Amino acid sequence: MARWCYRHRLVVLLLWVGALFGLGVSASGAGTNYTEVFSLPDTDSKRAYDLMERAFPERAGDTDTVVWKVDEGSVRDDSVRSRIEPALREIGRMEGVGDVAGPYGEEGAAQISEDGRIAYAQVTFAEQADAVPKELVQDVVDTAQGAGGDGLQVALGGQAITRVQAPPTGTAELVGILAAAVVLFVAFGSLLAMLLPIVIAVFGVGTGMFGTQLLSHVTNVPELATLLATLIGLGVGIDYALFIVTRHRRGILRGLDPEEAAVTALNTSGRAVLFAGGTVCIALAGMLVTNLRFLDGVVIGTSLTVVLSVLAAVTLLPALLGLLGHRVLSRRQRRRLAAEGLETGAVGGMAARWSAAVERRPRSVAVLAVVLMAALAIPLLSLRLGTVDQGNDDSSMTTRQAYDLLAEGFGPGFNGPLQVVVDGEASDGLVTAVRETEGVAQVAAMPPTNGVSVIQVIPATSPQDVETDRLIDTLREEVIPDAGATAHVGGVTAVSKDFASVTGDRLPLFIATIITLGFLLLMLAFRSVVVPLTAAVMNLLAAAASFGVLVAVFQWGIGLDVLGLGQEGPIFSFLPIIMLSLLFGLSMDYQVFLVSRMHEEWVHTGDNARAVRVGLAETSRVINSAALIMVCVFLAFVLSGDYGAAMAGVGLAAAVALDAFILRTALVPAVMHLLGRANWWLPAGLEKRLPHLAVEPGEDTGTPEPDTGTPPAIPAQRGALSSVVHGFVRTVDGAHVEGAAVTLMTSGGRQLDRVVSHADGAYILAVPAPGTYLLAVTAASYGSRAVHVTVADGPLVHDVELAPGGVDAVS
């Protein structure tokens with residue numbers, strides 16, 4: 001497939017451009033039909049909601065608030081009324097506005113504060129907030145605020161108002177892409193190579209978002225799904241392309257022509273990308289076990305974007321590589337390649353030094369990493385789930401100003417009233433008991449409507465205050481039963497509390513599901529029980545530390561002012577599930593990329609210390625670059641203006657940074673050094689029953705070998721072989737040596753088999769019978785060397801380390 005895409009690059013490019021623009025035009029024409037589905041069956045707030053819907057079926061539209069405050073005098077003054085009342089009448093005449101209930105009338109007296117300086121009016125739209133046209137909402141905001149000034153402050157709050165207060169979409173995405181571009185340019189040193197991962201991410205995210213928008217017409221998809229799909233799509237799209245482009249450039253530098261380098265890169269790193277994308281989708285699908293219907297659309301949107309990002313990486317990317325040819329290298333690299341010849345691929349610098357340091361002091365590295373992660377996880381002990389409201393908005397937003405004015409004039413609990421709903425008539429005893437409950441500021445009992453009575457309860461504390469949660473529990477567990485009544489506590493605050501409780505109850509099942517799935521996948525890939533077990537513990541440690549950071553920032557308020565994110569509050573109820581899905585999927589990517597290289601070395605040498613050292617030295621730089629890109633993309637969502645998006649961005653950025661920089665490049669290799677050969681233990685019974693899964697198979701898959709002037713192996717000899725000699729040709733630093741001529745000869749010098757080492761240094765030679773043979777290796781810059789090898793009845797693993805002036809046999 002990679003070769004076809006490379007050779008038909010213009011066709012592939014046109015197909016992708018057509019798909020992107022076609023989906024874009026279709027989505028624009030169809031519009032959006034996002035639906036917020038909060039299904040909380042068997043909860044008290046759901047029963048209260050059902051009764052409220054029966055009592056007030058006509059209240060179908062969203063109700064927002066216009067609040068005003070005078071610096072001097074009273075809101076009842078004619079000078080104030082003459083400015084506010086015409087504005088309210090004009091709003092009431094707008095098409096799409098159902099009703100405006102103001103304070104200037106007999107029924108509106110309660111809408112004026114006791115000191116007479118603050119009042120509010122309720123604007124009820126004909127539709128729910130998501131269906132109200134933004135143009136209408138903006139007209140309401142402009143008309144109301146037009147009455148302000150000269151000592152009169154006007155602010156508006158509500159869900160519909162929030163839609164026009166958010167900054168223009170695309171800012172966070174653009175900033176994230178620009179930050180990723182800087183990292184890519186530093187990593188590649190080439191403008192064209194830098195653009196490749198970004199183009200892949202744009203196509204993957206673009207088609208994913210348009211596809212999700214179209215799917216919203218046939219299934220329930222929340223608007224949050226597009227935000228999270230963009231968040232994860234940009235990250236994985238850029239990262240997956242980075243892995244493939246890095247492998248492609250390495251192949252060219254080691255002598256492959258661009259087409260063979262692309263095919264090799266896609267047939268190795270491309271396979272790993274397919275596996276990694278699959279694991280991300282499986283982790284996302286783990287959200288379905290929570291049975292929270294709200295998350296079903298999130299799974300659809302994010303999984304679709306990941307699948308399309310992977311598809312772009314394995315089809316569009318080889319086409320683009322074909323268009324660039326050697327220009328995927330920087331000018332300096334092209335000049336050096338022409339002047340100095342092929343690179344040996346020696347791994348040196350900081351990566352090799354760090355890998356050696358971990359091998360020398362694994363206990364110290366492990367202890368330091370665990371202590372750091374444990375310290376960051378401490379705030380998790382005070383985690384409180386809930387739903388943030390407009391009190392968390394930035395102080396410059398009109399929604400936050402309205403929230404503060406209502407709290408100032410009518411008490412902090414006014415922004416989150418509770419409803420005690422009774423099927424029938426509420427008894428005087430129940431009303432009295434509710435009024436006398438500690439933590440209740442105001443109570444208003446309304447007459448029965450359609451056989452349902454509602455007692456409006458204003459708490460003394462804000463909706464996010466833990467005391468408000470305790471008040472709800474007190475009303476449900478003590479006050480209502482003691483009054484001998486059958487009633488239910490509802491309202492937005494009660495729904496939020498129940499949602500947090502349901503999420504918390506189902507979180508252990510969700511964690512167990514994705515941990516089990518990840519364990520099975522890694523056990524299949526690496527034929528080990530210990531490696532996936534270590535990965536599971538590391539994932540839990542990363543989750544705990546990242547949530548500790550999240551609590552410290554958003555619940556304790558550390559750094560919120562610096563980030564410009566309003567005030568502290570609880571952690572979104574659904575965020576743990578979404579964050580853990582993304583974290584487990586992304587950390588699996590890094591684990592696969594790191595351990596697959598270690599496993600490859602282990603299979604061919606049986607030396608655990610060497611396997612861990614070489615694997616870390618060769619992969620840490622790419623993993624860290626990929627993680628840095630992810631962190632930039634996620635942190636950019638702090639600029640989105642959406643408190644929830646900022647919370648998800650900070651949490652995911654912390655999770656990826658800790659996972660890549662602390663766990664995968666320090667703790668995992670340190671623990672694997674300490675465990676030694678036990679890393680690769682698998683019970684014999686399982687070994688026989690488990691299917692084999694090759695994450696990144698060898699590159700000898702039927703593609704032509706590069707023309708290096710050495711003959712390939714003789715087919716007749718391979719067909720009649722009794723055994724084989726196989727292994728890797730490497731430098732003393734553990735780097736691959738590609739293109740080395742490896743020859744097997746008899747003691748008298750007659751050639752039996754001859755091959756050229758692949759991009760990863762691998763070779764395999766046919767042996768006609770047991771005995772002692774001469775193995776000769778020739779590579780550019782190293783000369784010709786030979787060593788005797790003795791082959792018994794089975795295959796012989798023999799790795800060769802090349803150094804200027806000599807060859808050392810290490811197996």
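Arg335 is exposed, with a relative accessible area of 55%. This value is computed from a predicted model, in which Arg335 belongs to helix H12 (residues 331–340).

**Surface patches**

On the surface, Arg335 gathers with Arg331, Arg332 and Arg336 in a patch of positive charge. Because its relative accessible area of 55% is above the 50% cut-off, Arg335 counts as exposed.

A nonpolar patch also occurs on the surface, formed by Phe185, Leu191, Leu192 and Leu195, which together have about 340 Å² of accessible area. Helix H8 gives the most to this nonpolar patch, with three residues. Leu192 lies in H8. With a relative accessible area of 32%, Leu192 is partly exposed; that value falls between the 20% and 50% limits, so the residue is classed neither as buried nor as exposed.

**Aromatic pairs**

The count of aromatic pairs in the model comes to five. One of them joins Trp16 and Phe203 in an edge-to-face arrangement, at 6.3 Å centre to centre and with 85 degrees between the planes. This pair links distant parts of the chain, since Trp16 sits in helix H2 (residues 9–30) and Phe203 in helix H8 (residues 191–215), 187 residues apart. Both Trp16 and Phe203 are buried. Elsewhere, ring pairs link Tyr120, Phe410 and Phe414 into a cluster.

Note on methods: Residues are numbered from 1 along each chain as its sequence is written. This is a predicted model: local features need pLDDT of at least 70, side-chain atom pairs count only at pLDDT 80 or more; totals for chains, interfaces and linings use all residues. Side-chain values use heavy atoms; hydrogens and water are left out. Patches are made of residues with over 30% relative accessible area and no salt bridge: like charges are joined within 9 Å, nonpolar side chains (Val, Leu, Ile, Met, Phe, Trp, Tyr) within 5 Å. Accessible areas come from the Shrake-Rupley method with a 1.4 Å probe; for residues, only the protein chains shown count as cover. A salt bridge is a side-chain nitrogen of Lys or Arg within 4 Å of a carboxyl oxygen of Asp or Glu. Lys and Arg count as positive and Asp and Glu as negative; His and the chain ends are not counted. The place of a charge is taken as NZ of Lys, CZ of Arg, CG of Asp or CD of Glu. Helices (H or I, at least four residues) and strands (E, at least two) are DSSP runs, numbered from the N terminus. Buried means under 20% relative accessible area, exposed over 50%, partly exposed in between (1.4 Å probe, protein chains only). Rings of Phe, Tyr and Trp (its six-membered ring) pair if their centres lie within 6.5 Å; planes under 30 degrees apart count as stacked, over 60 as edge-to-face and the rest as tilted.
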